[in-house]
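Below is a short briefing on one protein chain. Please keep the structure in view while reading.

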Amino acid sequence: MKKLVLFAAVLMVSLFSINNAKAQVSLNINIGSQPVWGPTGYDHVDYYYFPDIDAYYYVPSGQYIYSNGGRWVWVNSLPAQYRNFDPYRAYKVVINEPKPYLRNNIYVTRYSKYKNYGGHQTIIRDSRETKYYVVKGHPKYNQRPTKNVTVVRNNNNRPTRLVQRNVTRPDQNNGRPQDNNGRDNRPERNNNQGRGNGRH
């Protein structure tokens, strides 16, 4: 009986640990919330810092944070004074610390060399990694990877094995025209016609 109780206790602790770990992972990945102009390479982002305009972007709420008269203002879009700012071309610093704007002098000093940065950051919109297809605005947004089969041939020119690679295909009927009910509207093919050497 003691062994059974001990086993049940261990099982419950294990299940709790697994569920807790799953919750931790889901909280720490927010690729789908990142903007399409965000830099690639980050599974989780809280803030972006823009050295060009000394402002921030908070990913969870999708708001910009900038200083106005000595206080930090949160807005959905930048005001007219930033109309020439282009987040697609600007350098973005990923910051995963709470309220970085309250320590703004640290980030200004640390990243001032990236102000008017002439280099290039690869952004999510331009990435071909399938994990970024969940980002709204990506050219392949909501396209799912499918399997493409490649035949590998041996020295006798016979197929020996199949290798599958991920490719992306839109969620459509393989480009075939469809009628209003979503059915393939290609004409039916009669196997006895058009072959010349049909068997009778």
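Asp54 takes a positive phi near 55° in the hairpin of S1 and S2, a hairpin with 4 residues between its strands. The model is a predicted one.

**Strand pairing around S2**

- Strand S1 covers residues 47-50 and strand S2 covers residues 55-58; the two pair in the antiparallel sense over 4 bridges.
- Phe50 stands opposite Ala55 in S2, and the bridge partner of Tyr47 in S2 is Tyr58.
- S2 also pairs with strand S3 (residues 63-68), again in the antiparallel sense, over 3 bridges.
- Tyr57 has Tyr64 as its bridge partner in S3.
- The hairpin formed by S2 and S3 has 4 residues between the strands, and Gly62 in its turn has a positive phi of about 70°.

- In what order do the 5 strands form the open sheet? The order is S4-S3-S2-S1-S5, with antiparallel pairing.
- Strand S4 (71-75) and strand S5 (93-95) are the edge strands, and each of them pairs on one side only.
- On average, neighbouring strands of this sheet are turned by 30° against each other, direction ignored.
- Helix H2 (residues 104-111) packs on the sheet and touches S1, S2, S4 and S5. The direction of H2 makes about 60° with that of S1.

**Aromatic pairs**

- A pair of aromatic rings is described by the distance of the centres and the angle of the planes.
- The count of aromatic pairs comes to 24.
- Tyr56 and Tyr107 form an edge-to-face pair, at 6.5 Å centre to centre and with 85° between the planes.
- This pair links distant parts of the chain: Tyr56 is in strand S2 and Tyr107 is in helix H2, 51 residues apart.
- Are Tyr56 and Tyr107 buried or exposed? Both Tyr56 and Tyr107 are buried.
- Trp72 and Tyr101 form a tilted pair, at 5.9 Å centre to centre and with 50° between the planes.
- Trp72 lies in strand S4 and Tyr101 in the loop between S5 and H2, 29 residues apart, and this pair too links distant parts of the chain.
- Trp72 is partly exposed because its relative accessible area is 22%, and buried means under 20%.
- Tyr101 has a relative accessible area of 9%, so Tyr101 is buried.
- One aromatic cluster includes Tyr47, Tyr56, Trp72, Tyr101 and Tyr107. Among its other members are Trp74, Tyr91 and Tyr117.

**Nonpolar cores**

- In soluble globular proteins, nonpolar side chains tend to be buried together.
- The largest nonpolar core has 17 residues, and Tyr48 and Phe50 touch the most other members.
- S1, S2, S3 and S4 each supply at least two residues of this core.
- Another core lies apart from the largest one; this other core has 11 residues, among them Tyr47, Tyr56, Tyr91 and Ile95.
- Which residues is Phe50 in contact with, leaving aside its neighbours within four places in sequence? They are Trp37, Ala55, Tyr56, Tyr57, Tyr64, Phe85, Tyr91 and Lys92.
- Ala55, one of these contacts, is also the residue in S2 that stands opposite Phe50.

Conventions:
Residues are numbered from 1 along each chain as its sequence is written. This is a predicted model: local features need pLDDT of at least 70, side-chain atom pairs count only at pLDDT 80 or more; totals for chains, interfaces and linings use all residues. Side-chain values use heavy atoms; hydrogens and water are left out. Two strands pair if DSSP finds at least two bridges between them. Axes are lines fitted to C-alpha atoms, for helices over the stretch in contact, and angles run from 0 to 180 degrees between N-to-C directions. Contact means heavy atoms within 4.5 Å. Rings of Phe, Tyr and Trp (its six-membered ring) pair if their centres lie within 6.5 Å; planes under 30 degrees apart count as stacked, over 60 as edge-to-face and the rest as tilted. Buried means under 20% relative accessible area, exposed over 50%, partly exposed in between (1.4 Å probe, protein chains only). A nonpolar core is a set of buried Ala, Val, Leu, Ile, Met, Phe, Trp, Tyr and Cys residues joined through side-chain atoms within 4.5 Å.
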